[in-house]
Amino acid sequence: MSLIATIDINASNLESSSIDRIDSGVDDATDYSAATTYAEGDKVVYPATTGTDLYESLQGSNTNHDPSTETSWWLPLGKVNRWRMFDNHIAGSQSEATNEIEVVIAQASLTNVSLFGLDASTAVVSHLDTDNNILYSTEYDLFDNASLPVDYYDFFFGLPPEASTQLTVPLQYATAEGEKVKTVIRQTGVVKCGNMRVGYKHYIGITQWEPEIRMLDYSKYSTDGFGRTSLAQGVAAKIIQVSFWVETGSVDYIWSQLEKVRGKLSVFDLNTQYSDFYIVEVLGYYRDMYVVMQDINKTYLAMEIVGTT
C-alpha cells in the first residue's frame, strides 16, 4: 500500500494552462464589475481578473451585489472551466477542451501525477528542467488492452474497447526547485479531466489482500402512491475497508506520515507488487484508523478510505 500526499494546485504553482482563464465556449461569462447591471441568467467570474469561481445572476437589475456573499442575487456554479480539474471533485466537475488539454505545474518535490475522471485516449507526462527543456517524457495509451477484441466474434459483436478514466504516473525522480511537470491529455474531439493531483509518494505497508470495497451511491429514488418509481442518477464514491502490515520498527514513521494527510485529499494505492487494479486506486481521505502492535516485528493497521466524488 502506498499513498501520494497531494498538494493543491493554485495560481502559485500553475504556470500555464491551454484553457483560457475565462473560456468563452464553456463558461459563457465575463469578469464581474460592480458598475454593470446584470440580467437574470448572466454569468460572471469573481473576483475580476484573478477569479476562479463562476456565478449566475438569479434576477434582473442586479447591480453592485457581491457574488460571493449575496446569495439572493447570485447562484454559485463552482469553478470556471480552467480550474475544475483542480478542485476537490471528480464527477460533474470536469475541465474540457477540443482535442487537447495541456498544463504545466512548477513545484518541487513531486514524484507522481494522478489524473481522474478522464475522457481521453492518450496522456503525455514530461519532466522539465528550469529552462523548460524536457528531461524525459512518457506517453500513455488509456485504452485497456484487456478490453480489446480477442476473436472475430468479439470484434464484430462485442462491446467497443473502453479507455481508462484514471491514470497515476510515477516520475523517474522528484522535481527539484524550479523544475516543472507538463501534462498533456489528448483525444479527437472533446477531451475532459475531472481532477488532477500531484504530490510525493510514500510507501506505507503490505496490503492484507481482503479489502472490502463498497459503492456509496448518491442517486435518488422515489416511489409514488401507485408504486411507480422514479430514478435520478447521481454521482458515486468508493468506500474501502483495508488493513495492512508494517514493520513494528517503522510504525512511528508510518503513523506520522498518515497524521500529516489527515483530513486532506490523497491518492491511495492498495495494490501489491502482484496486482494492478484501478478499483483499489482511489482519490479520497481516510478515517477511523487503528493500530494493533502484535509483536516486536510486525504491526497491523486498518482504516476506512472514502473516495471523493
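Q: Which residues make the nonpolar surface patch of about 390 Å²?
A: In this predicted model, the patch is made by Trp209, Ile213, Phe277 and Ile279.

Q: Where is tryptophan 209 found?
A: Tryptophan 209 is in the loop between strand 16, residues 206–207, and strand 17, residues 212–217.

Q: And why does tryptophan 209 count as partly exposed?
A: Its relative accessibility is 44%.

Q: What is proline 211 in contact with, leaving aside its neighbours within four places in sequence?
A: With those neighbours set aside, proline 211 is in contact with Ile240, Gln241, Val242 and Val280.

Q: How far is proline 211 from leucine 283?
A: Their C-alpha atoms are separated by 16 Å, and the two residues are 72 apart along the chain.

Q: Let us change topic to the whole chain. How many helices and strands are there?
A: The protein chain has three helices and 23 strands.

Q: What does its C-alpha trace span?
A: Along the principal axes, the trace spans about 70 × 65 × 50 Å.

Q: What share of the residues counts as buried?
A: Of the 309 residues in the protein chain, 42% count as buried. The chain exposes about 16,700 Å², of which carbon and sulfur atoms supply 51%.

Q: And the contacts, what share joins residues at least 24 apart?
A: That share is 67%, taken among contacts between residues at least 6 apart in sequence.

Q: How many positive and negative side chains are there?
A: There are 20 positive and 41 negative side chains. The centres of the two sets lie 4 Å apart.

Q: Is tyrosine 140 buried or partly exposed, and why?
A: Tyrosine 140 counts as partly exposed because its relative accessibility is 22%, whereas buried means under 20%.

Q: Which residues is tyrosine 140 in contact with, its neighbours within four places in sequence aside?
A: Apart from those neighbours, the contacts of tyrosine 140 are Ser121, Thr122, Ala123, Leu167, Val169 and Pro170.

Q: And what separates tyrosine 140 from valine 124?
A: Along the chain they are 16 residues apart, and their C-alpha atoms are separated by 6.2 Å.

Methods
Residues are numbered from 1 along each chain as its sequence is written. This is a predicted model: local features need pLDDT of at least 70, side-chain atom pairs count only at pLDDT 80 or more; totals for chains, interfaces and linings use all residues. Side-chain values use heavy atoms; hydrogens and water are left out. Patches are made of residues with over 30% relative accessible area and no salt bridge: like charges are joined within 9 Å, nonpolar side chains (Val, Leu, Ile, Met, Phe, Trp, Tyr) within 5 Å. Accessible areas come from the Shrake-Rupley method with a 1.4 Å probe; for residues, only the protein chains shown count as cover. A salt bridge is a side-chain nitrogen of Lys or Arg within 4 Å of a carboxyl oxygen of Asp or Glu. Helices (H or I, at least four residues) and strands (E, at least two) are DSSP runs, numbered from the N terminus. Buried means under 20% relative accessible area, exposed over 50%, partly exposed in between (1.4 Å probe, protein chains only). Contact means heavy atoms within 4.5 Å. Lys and Arg count as positive and Asp and Glu as negative; His and the chain ends are not counted. The place of a charge is taken as NZ of Lys, CZ of Arg, CG of Asp or CD of Glu.
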